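Visitor: Can you walk me through the inside of this one? Cores to begin with, then pockets.

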Amino acid sequence: MEIRRFAGLDPQDTAAVEAAFASIEPQAIACNNWEAEYPYAPQVAFRMFHTGAWLLLRFDVEERYTAAKVAEDNGRVWTDSCVEFFLELDDRGYYNFETTCIGRMLLGFRKTHADAVHAPAEIMRQIRRTPTLDTEPFAERAGDNRWQMTLAIPPTALFRHELATWDGLRARMNLYKCGDDLSHPHFLSWQPIEASKPNFHLPAFFAAAEFER
């Protein structure tokens, strides 16, 4: 997948960001790899582009059950209504950006699921998060729940690498939607995963991505 470059775009210029996203074809996060055990599947898609200085990533979600109980960064965000972006630059390990519907985020770097190093607070503060459901925690809500999460991620968020730009970066990635502790748990991926039980931490199933120079 090629990640398009929009030179000079300011991520705080709402009109320009909306126009850029509108020009990009959404990618469905629709692989229900464990459908027999977890049949519920919300509608989820993502779009992304970069400016060199920022990676802009938007998730669009339509679901029946939504919760946001986690109140802090680097907490158990995957138990809430959560969208995720995993990125591997080389064989040293991969980054997992996991964000709830109200913008609480976990950011780790790891070689395997068990050996995470979490980003410090100063790195977390650099990542701009724009949820459409406000930022206050809430218990599960059932209904026609539609929400977006927009992230603006600087290259410095890849805190175990020394990067100044997204230009020309070659990587591998997968994106996900989950909600482990919802009344209707679900585990969806962009690229299919072959595993006996839900597990997103499998770089073998990441897909190639190239950031336009």
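**Cores and pockets**

Guide: Of the 43 residues in the largest nonpolar core, Met48, Phe85, Phe97, Leu107, Ile153, Met173 and Leu175 touch the most other members. Such a core is a set of buried Ala, Val, Leu, Ile, Met, Phe, Trp, Tyr and Cys residues joined through side-chain atoms within 4.5 Å; buried means under 20% relative accessible area with a 1.4 Å probe, protein chains only. This is a predicted model: local features need pLDDT of at least 70, side-chain atom pairs pLDDT 80 or more, while totals for chains, interfaces and linings use all residues. Residues are numbered from 1 along each chain as its sequence is written, and side-chain values use heavy atoms, without hydrogens or water.

Visitor: What does Leu175 touch?

Guide: Leaving out residues up to four places away in sequence, Leu175 touches Ile29, Phe46, Met48, Leu57, Phe59, Glu84, Phe85, Leu188, Ser189 and Trp190. Contact means heavy atoms within 4.5 Å. Another core, of 14 residues, lies apart from the largest one; Tyr38, Leu106, Tyr176 and Phe206 are among them.

Visitor: Pockets now. How much space lies in the largest pocket?

Guide: About 280 Å³. A pocket is an open set of points on a 1 Å grid over the protein atoms alone, with protein on both sides within 12 Å along at least five of seven lines; lining residues have an atom within 4 Å of a point. The volume is the space filled by probe spheres set on the points.

Visitor: Which residues are closest to its centre?

Guide: Trp78, His113, Asp180, Phe200 and His201, out of 14 lining residues.

Visitor: And the second largest pocket: what volume?

Guide: About 220 Å³. Pro11, Val17, Arg58, Thr130 and Thr150 lie nearest its centre, among 15 lining residues.

Technical notes. Buried means under 20% relative accessible area, exposed over 50%, partly exposed in between (1.4 Å probe, protein chains only). On a 1 Å grid over the protein atoms alone, a cavity is a set of points where a 1.4 Å probe fits but cannot get out, and a pocket is an open set with protein on both sides within 12 Å along at least five of seven lines; lining residues have an atom within 4 Å of a point.
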